[in-house]
Amino acid sequence: MSNRQLRANPPTAKAARSLAPRRLTPRPLTLLALGHACVDVYQGAVAALVPFFVSERAYSYAAASGIVLAASLLSSVVQPLFGALTDKWALPWLLPVSTVVGGAGVALAGVSGNYAVTLLVVAVSGIGVAAYHPEAARVARQASRGSHTAMSWFSLGGNVGFATAPLLVSAVVATGGLRASPLLVVPALAGAVLCGAALRGLRARDAAAPKEAGPGAGPAAEDDWPSFLKLSGAVICRSIVFTGLSTFIALYVRERTGGGEVAGTVALFVLYLGGAAGTVVGGRLAARYGRLPVVRWSYALAVLAVAGVVLVPGPLLYVFVVLASAGLYVPFSLHITLGQDYLPRRMGTASGVTLGLTVSIGGLASPLIGAIADAASLRTALAPLIALPALGWLLLRTLREPGVS
């Protein structure tokens, strides 16, 4: 349309909006997923720092795994409390603040050679991560409008953060030593900006959209605590296996393959990266076959995969690391939505437990695994992990889809 025609026939307001250049604004869920990646860098970074603590500070396996415990212990206790708070009040400001706290703790972990100080700052990081996840899960559920597949993309962000942590830590610490760790605060600063942008976008979207009945509309169903507790028990089994592997896989692969630090870093990266893909696959498979069948299949696969990691020698070990990653990560986002649907009146608490307590409690087993490794061998210490996914499968086999009697 020419300028003369526009002056003669001015467009309506609707037509004017269609003629205006479209602003390409990222969707809030995309920004939340990217922010989730920045936060979960710091969950993966703690395990990635373990080989450097062993080599630079001569920590024993038990002492090094105690640092993982410090990151997990307060987080496992505090996270359900933050979840209970978000059941009563929306606390969106927690997202950027907790992101910075989580990053600052890990960034300070290499500054002091004092073991107690290292434990303290890593524990502070764990509190930051604990404060983030329940509120982030609530906001992501709101942004996804209840879609299980969309929630898998939010979980993917966290898994990508896990996957990149070994590479980030290796690039920083292998170059400048543990005293270069303050550089690790950069993802936290970026994550705080992303969280703020996501919250602004979500407020703008909800203000512009008409009020519609959604998954949360109407009275919530009754909470199903027995099913939720069984699910939580299975997630604890998964958590112990994952934390044990992520803490010691780098050292174990170096021992079993005869490779150096690069071989161990690659194994940890593969463990995390396979999970990133598995999370998205899990959401798609659940849309087709249902959440509980997919979760059960994943736990069964994890039994065989972890056995391969522990027992198979040489480079073939990497194949089983990939399979273990898939078995442990495919159900990850499904745990979150199942927990929220088993406790529809307490979604914050459910998120705090499935994303926090049950996941972080895996760190409580790390010192025990480390002590067995010191007394015997890493292979002996990791062997009991084979049985845990089987126990998780037994807990899951009697569960029904939420809302199905």
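**Salt bridges and a helix residue**

Colleague: Does Asp223 count as buried or exposed, given its relative accessibility?

Modeller: Asp223 has a relative accessibility of 16%. Buried means under 20% relative accessible area, exposed over 50%, and partly exposed in between (1.4 Å probe, protein chains only). Asp223 therefore counts as buried.

Colleague: What is this model?

Modeller: Residues are numbered from 1 along each chain as its sequence is written, and side-chain values use heavy atoms, with hydrogens and water left out. Local features need pLDDT of at least 70, side-chain atom pairs count only at pLDDT 80 or more, and totals for chains, interfaces and linings use all residues, for the model is predicted.

Colleague: Which residue forms a salt bridge with Asp223?

Modeller: A salt bridge is a side-chain nitrogen of Lys or Arg within 4 Å of a carboxyl oxygen of Asp or Glu. Here the closest N and O atoms are 2.3 Å apart. Asp223 is in the loop between helix 8 and helix 9 and its partner in the loop between helix 13 and helix 14, so the pair ties together parts 123 residues apart in sequence. The partner of Asp223 is Arg346.

Colleague: How far apart are the closest N and O atoms of Arg345 and Glu222?

Modeller: Arg345 is partly exposed at 46% relative accessibility, and Glu222 is exposed at 61%. For their salt bridge, the closest N and O atoms are at a distance of 3.3 Å.

Colleague: How many residues apart are Arg138 and Glu135 in helix 6?

Modeller: Helices (H or I, at least four residues) are DSSP runs, numbered from the N terminus. Arg138 forms a salt bridge with Glu135, with 2.5 Å between the closest N and O atoms. Arg138 is partly exposed at 26%, whereas Glu135 is buried at 0%. The two are separated by about one helical turn, because their spacing in helix 6 (residues 115-144) is 3 residues.

Colleague: How many salt bridges does the count come to?

Modeller: Some salt bridges link up in a network, which joins Arg291, Asp341 and Glu401. By the 4 Å rule, the count is 5.

Colleague: What separation do the C-alpha atoms of Asp374 and Ala62 have?

Modeller: Asp374 is found in helix 15 (residues 366-375) and is partly exposed at 39% relative accessibility. Leaving aside neighbours within four places in sequence, Asp374 is in contact (heavy atoms within 4.5 Å) with Ser60, Tyr61 and Ala62. Asp374 and Ala62 are 312 residues apart along the chain, and their C-alpha atoms are separated by 7.1 Å.
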